[in-house]
Amino acid sequence: MQSFLAARLAAAILALAATGTAAQQQVTILTSFPKELTSAYKAAFERANPGMRVEILNKGTSAGVAYLRETRAGDRPDVFWASAPDAFEVLAKDGLLAKFDPAVKGIPDKIGNYPVNDPQGFYRGQALAGYGLMWNTRYLAANKVPAPKEWADLVKPVYFGHLATSSPSRSGTTHLTIETILQAEGWEKGWSQVLQIAGNAVAITERSFGVPDGVSNGQFGIGLVIDFFGLAAKNSGFPVEFAYPSQTAIVPANIALVNGAKNADLGRRFIQFSLSPAGQELLLDPKISRLPVLPETYRKAPAGYPDPYGGKIRAKVNFDSELSESRYFVVSALFDHAITFRHKELVAATRVIHEAAVKLAAKPNAQGQRLLTEARALAFTPVVDETKTRDKGFLALFRETKRDAARQKQMTALEEHWGKQARQNYDKAAALARQAAAAAK
Amino acid sequence: MSAPLAAPGAVAPLNAEAGRWSAGQAAVALAIAAFLLAFLIWPVLTVIRVAVTEPDGSLTLSHFGSFFQLSLMRESFANSLYVAGMTVVLATLIAVPLAYITVRFRFRGAILIQTLGVLPLIMPAFMGAAAMQLLFGRSGSVNQLLGQWFGFTLPIMEGLKGVIFVETLHYFPFILLNLSAALANIDSAMEESAQNLGASGWRLFRRIVFPLALPGYVAGASLVFIKVFDDLGTPLVLNVTNMLAPQAYLRVTSIGIEDPIGYVICFILVGFSIAAMAGSAAFLRGRDFATLQRGAAAAPRRDLRPWQAVLAYGWIVGVLLLVLSPHLGILMLSLSKVWSFTLVPEIWTLDNYSVVFRDSTRMITNTFLYCGLAALLDVVIGTAIAYLVLRTRVPGRQWLDHMATVALAMPGVVLGIGYLRTFRDTEIPFTGEALLGSWLIFVLAYTVRRLPYALRSCNAALQQVHLSLEEAAQNLGASRARAIWRVVVPLMAGGILAGFVTSFITAAVEISETILLTSRESLAPMSYGIYLYMQSIAGRGPGAALGVVAIVMVALGTYLSHRFVAARHAQQFMKGQRP
């Protein structure tokens with residue numbers, strides 16, 4: 001028995017060792033995209049290029065960046081393929097991407113104001129993504145909640161305890177959503193909206209995928225998501241709907257050749273394929289449901305398919321990527337310290353504010369109304385004002401992550417200040433709202 | 001064969017007064033130390049030195065000051081302690097009666113319970129938590145039923161409560177496994193004497209049985225505490241961020257891999273785990289738990305009185321229902337196409353399984369290869385360390401124990417990054433293949449990371465083997481190595497097997513390190529596949545199906561290994577009866 005096991009084990013080891021050395025005509029794709037999408041591309045590319053093998057290496061975007069940084073040149077995967085443009089920026093700055101111009105025709109330079117391809121040539125837009133709202137129709141029916149249309153709808157008391165969103169520090173797509181709201185409404189008003197939405201939220205999920213997943217299975221009623229999450233779930237049979245609010249932005253999801261790749265030639269070939277008409281058409285698969293970057297592909301799309309080029313999505317916001325980039329870390333850190341880590345207090349304050357508003361509506365009272373306005377102002381005003389976000393020195397503090405002790409101290413004091421301030425504001429707002437409710441009696 | 005008698009020096013190390021050790025022991029200790037230094041300490045140091053250095057490389061303690069200045073960190077610290085402590089209390093309440101009933105009473109299905117008790121461990125924490133959301137979450141089946149029938153819901157999955165609930169059901173087997181092994185090893189004569197002297201029931205348990213099984217309990221409880229203290233997956237799935245491990249992870253992955261506070265947290269996690277281990281060792285020190293006669297096979301099992309049987313079965317069925325609920329959730333998920341806001345899935349299908357068997361058989365064999373080898377290495381090293389620490393006087397032997405224990409507290413992300421950094425240019429001797437591109441890296445990573453589990457079990461097992469049994473063997477002419485091989489190891493078999501099983505199944509569900517170290521999908525183990533499939537927007541069915549396959553296979557393995565040990569015990573017992 002034992003020798004039999006040993007023999008099996010040895011055979012398995014040999015078999016594995018043999019496959020380890022055999023792979024030559026193989027292109028390795030490092031991606032954060034779901035399996036439906038990657039296996040469709042793998043199958044199509046291998047069919048179009050007999051004798052070549054596609055090896056998919058699936059990691060979350062931030063883990064993918066860490067992996068590329070820690071792998072030695074020559075052993076790296078060939079292609080990096082993910083949504084968040086900032087991950088590509090980081091990689092380009094670290095010298096981990098190689099310039100490559102696949103020279104494909106028909107792809108426009110810009111979508112709205114946003115460049116489809118990296119102006120420096122390090123990465124290319126491979127698909128487009130818009131941000132919107134996804135909801136579970138059964139959940140909304142069961143809880144008698146109307147379907148939302150705009151971001152601004154989500155601040156209404158009727159949505160309290162039914163929303164979910166991720167955090168911009170965790171998910172590049174959520175960052176774009178928040179930044180879209182901030183750019184559409186302006187810093188103060190935008191944050192006020194974000195804080196009220198977060199106050200209505202039942203969870204700030206750790207991964208962007210947590211939101212569509214929770215909406216699909218009915219844990220959450222409504223989620224702020226990237227379009228293909230909503231569309232693919234709907235096409236897979238889940239009782240969900242997706243809609244673009246009028247203030248949405250369309251930005252590209254990207255693909256890039258890795259500097260120091262093992263098989264750069266095959267990598268180029270894969271990128272070229274992904275941008276070709278055949279590669280773009282794969283995006284229309286119901287289980288993938290992404291927006292192609294090549295306009296002509298939309299002619300093959302099923303009726304009702306959103307077309308960012310055809311005016312079916314009204315993207316009112318001209319996304320300013322430079323502004324977004326300049327305050328990227330401030331927005332992420334502020335969101336985490338004022339919302340993610342203080343979510344309990346924010347929700348508690350929001351709850352009593354809603355309750356007080358109901359009571360005051362039934363029994364109007366000037367004193368109570370004044371208190372409630374004060375409570376709202378306290379709870380829903382960002383702890384950092386806009387002038388600060390234009391301060392170069394302030395922004396530089398966030399940009400540099402390799403900090404010495406003195407800078408780290410400065411940073412820590414700031415984080416502590418934000419967190420404490422936010423908590424005090426929420427607690428005080430809750431107290432004021434309680435007084436307002438009492439005044440209505 | 002008469003040499004040991006003529007040369008008493010050979011047994012001298014057994015004598016507590018002597019300060020000598022043999023060269024062979026020192027060589028084994030050195031080899032283990034070298035292994036741990038290369039594959040644990042060094043990779044970890046390359047990462048966590050960030051916590052105590054300036055970017056220019058000079059040393060500083062200022063980052064620790066920064067850490068304690070943040071009220072968020074102080075709150076997270078308190079929350080982590082609270083959750084870990086509460087989980088130990090609740091896990092004890094579940095595990096102690098289960099262990100006692102199954103080991104001490106004639107009871108149908110005891111082996112079933114032992115096997116089922118292991119089941120929670122073979123599910124990646126994030127998968128268990130996801131399944132429990134479907135059943136106990138705010139729109140889960142239970143709350144839908146409660147809402148329809150009684151008009152209220154139980155927010156049992158919200159916040160810290162939810163973490164404690166999930167962790168308790170996930171980790172109580174650590175106590176169950178270790179405590180059962182310890183109970184089975186207690187000399188039945190002790191219990192019988194106590195009974196003859198008139199003790200029974202609760203008193204017998206409290207005064208005799210439990211104190212004798214204490215090493216097993218403490219080993220299990222300290223493991224639960226540490227595991228919960230550093231667990232990342234469960235809080236993240238439940239969206240709880242204000243705890244230490246999630247804070248470390250969030251900082252390292254979002255602020256940046258160079259963020260010092262994240263590494264200060266890692267530092268604190270490591271320190272705390274070592275303190276918890278040292279604390280449990282200090283607590284046990286100076287007490288004698290060893291019993292002379294080993295009674296595993298011969299231990300008399302008592303019959304349950306009718307009212308006891310009702311209580312016991314009631315308790316067991318209740319606990320089993322709770323424990324099996326995540327499995328039930330995963331099973332339903334694996335058979336469903338769409339499950340949304342209904343009590344059970346509305347569209348059933350077997351497609352998910354065909355997807356898994358079409359695409360992922362390689363992952364299944366990979367898991368068995370990596371985790372099997374890792375667990376094997378773990379029990380070999382674990383037994384060696386336990387023996388060196390408890391039975392020899394090799395200088396610095398305690399440090400082997402401490403070093404191995406550090407792995408417990410290492411967040412997988414840190415060790416994963418440490419491996420990528422340290423072995424970037426390392427090639428495997430003779431083949432010239434990059435170590436990081438080979439499957440060996442998984443075996444090494446799992447061995448190091450799961451060694452503490454095996455070590456705790458081996459330690460507890462060895463503590464219960466009385467020194468005089470080994471001395472007797474040596475006095476009868478066996479060499480020391482032979483005495484270990486023929487007497488000590490067989491007597492430790494239950495504990496070693498428990499260690500193997502725990503190492504194997506926890507390695508099989510390791511995820512954070514696995515994601516970082518996977519360089520090709522063809523090398524990936526099942527845990528990676530489950531993670532990948534569970535991220536699918538078209539439904540998590542295939543991920544659940546792969547999870548069910550994992551559960552069934554590991555459960556089968558555990559069951560068979562229990563049978564194997566039981567059979568061997570019986571065999572030895574028969575041999576002993578022969579004239």
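Predicted model: local features only at pLDDT ≥ 70, side-chain atom pairs only at ≥ 80, totals over all residues.
**Legends: chain A and the largest nonpolar core**

Figure 1. Of the 441 residues in chain A, 53% are buried. The chain contains 17 helices and 13 strands. Its C-alpha trace extends over about 80 × 60 × 60 Å along the principal axes. The radius of gyration of chain A, 24 Å, agrees with the value near 22 Å that a compact globule of 441 residues would have. Of the contacts in chain A that link residues at least 6 apart in sequence, 78% connect residues at least 24 apart.

Figure 2. Twelve residues of domain 1 and ten residues of domain 2 form the contact. On the domain 1 side, helix α4 (residues 85-93) of chain A contributes the most, with three residues. The residues of that side comprise five nonpolar, three polar and four charged.

**Figure 3. The largest nonpolar core, with 315 residues.** Val79(A), Ala433(A) and Ile122(B) touch the most other members of this core. Helix α8 (residues 159-185) of chain B gives the most to the core, namely 16 residues. From chain A, domain 1 and domain 2 each supply at least three residues to this core.

**Figure 4. Surroundings of Val79(A).** Setting aside residues up to four places away in sequence, Val79(A) touches Val27(A), Ile29(A), Leu30(A), Ile255(A), Leu257(A), Val258(A), Gly267(A), Phe270(A) and Ile271(A). In soluble globular proteins, nonpolar side chains tend to be buried together.

Methods:
Residues numbered from 1 in each chain as written. Chains lettered and ligands numbered in written order. Core = buried A, V, L, I, M, F, W, Y, C linked by C-beta atoms within 7 Å. Buried ≥ 20, exposed ≤ 12 C-beta atoms within 10 Å, placed from the backbone. Helix = DSSP H or I, 4+ residues; strand = E, 2+ residues; numbered from the N terminus. Domains from an automatic or database assignment. Contact = placed C-beta atoms within 7 Å. Rg over C-alpha atoms; globule rule 2.2 N^0.38 Å. Nonpolar A, V, L, I, M, F, W, Y, C, P; charged D, E, K, R; others polar.
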